[in-house]
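Reader: I have a structure open and would like to go through it. Can we start with the whole chain and then pick one residue?

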Amino acid sequence: MITIRSAQARGAVRSNWLTSRHTFSFGDYHDPAHMGFGVMRVLNDDLVAGGAGFPPHSHANMEILSFVVSGALAHRDNHGGGATLRAGDVQWMSAGHGIRHSEYNGDPEAPVHFLQVWIQPDVLNAEPAYGDRHFPAEERAGRWCLVAAPGGIDDALAIRQDASVYVSDLDAGRELEHPLPPGRRAWLQVVSGEIDAGGQSLRSGDGAGLTDVTSLRVRATTDASLILFDLP
């Protein structure tokens, strides 16, 4: 079964420095019908004005992934993690037993666009950890590029959950397939462009949850950028 979560249906938050769309319940946005998808609890699509951002705040027992679409995202935390991330970069922060961090636009003028995802860990109260990696265009083009996986296999970021996360940039007309063994589910997020997924048309900002299917076939109807979460 494929369940579509359209871009327009997501929860909306707007202020003088932030435009955010929430796929699942988050903060002041609460929808009992959209509390998460399996172990994935948050999928926020954020646009932050130049020089603005999220001041230091705390999290615990959550795997947090950030995907930079454009601009510069500056991260700092109280366990020594720190970097300024740009398009093609993926950041992983394992909050563990507790971490305090900030996320700011690293450019004083241009906005930064990024997606942030929270996944429940498979172990509680672990030591906090941080990592980031750049995935160049040639690694993402026309294929599923593994960016996060248990144990950090194939140079992916080492997420603490039985989840594999992929990104892909597809030219119009290109196709990809991803198998889903029994007991697995998947979430597909369209970052930009338009695709056909299992006979369903999805556009920028749309997401799709897949359960009880053996594979996902994607065809790009325009140039498109995608994130795929293979989940328990």
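Reader: What percentage of the 232 residues in the protein chain do buried residues make up?

Author: Buried residues make up 51% of them. Buried means under 20% relative accessible area, exposed means over 50%, and partly exposed lies in between, with a 1.4 Å probe and protein chains only. This is a predicted model, where local features need pLDDT of at least 70, side-chain atom pairs count only at pLDDT 80 or more, and totals for chains, interfaces and linings use all residues. Residues are numbered from 1 along each chain as its sequence is written, and side-chain values use heavy atoms, with hydrogens and water left out.

Reader: How many helices and strands does the protein chain have?

Author: One helix and 22 strands. These are DSSP runs numbered from the N terminus: helices are H or I with at least four residues, strands are E with at least two.

Reader: New topic. Where is R184?

Author: R184 sits in the loop between β16 (175-179) and β17 (185-192).

Reader: Buried or exposed?

Author: R184 is buried, because its relative accessible area is 16%.

Reader: What does R184 touch?

Author: Leaving out residues up to four places away in sequence, R184 touches D162, A163, D230, L231 and P232. Contact means heavy atoms within 4.5 Å.

Reader: Which side chains make polar contacts with the side chain of R184?

Author: That of D162, at 2.9 Å, and that of D230, at 2.8 Å. A polar contact is a pair of N or O atoms within 3.5 Å; within protein, one must be able to donate a hydrogen and the other to accept it, and residues adjacent in sequence count only if both atoms are side-chain atoms.
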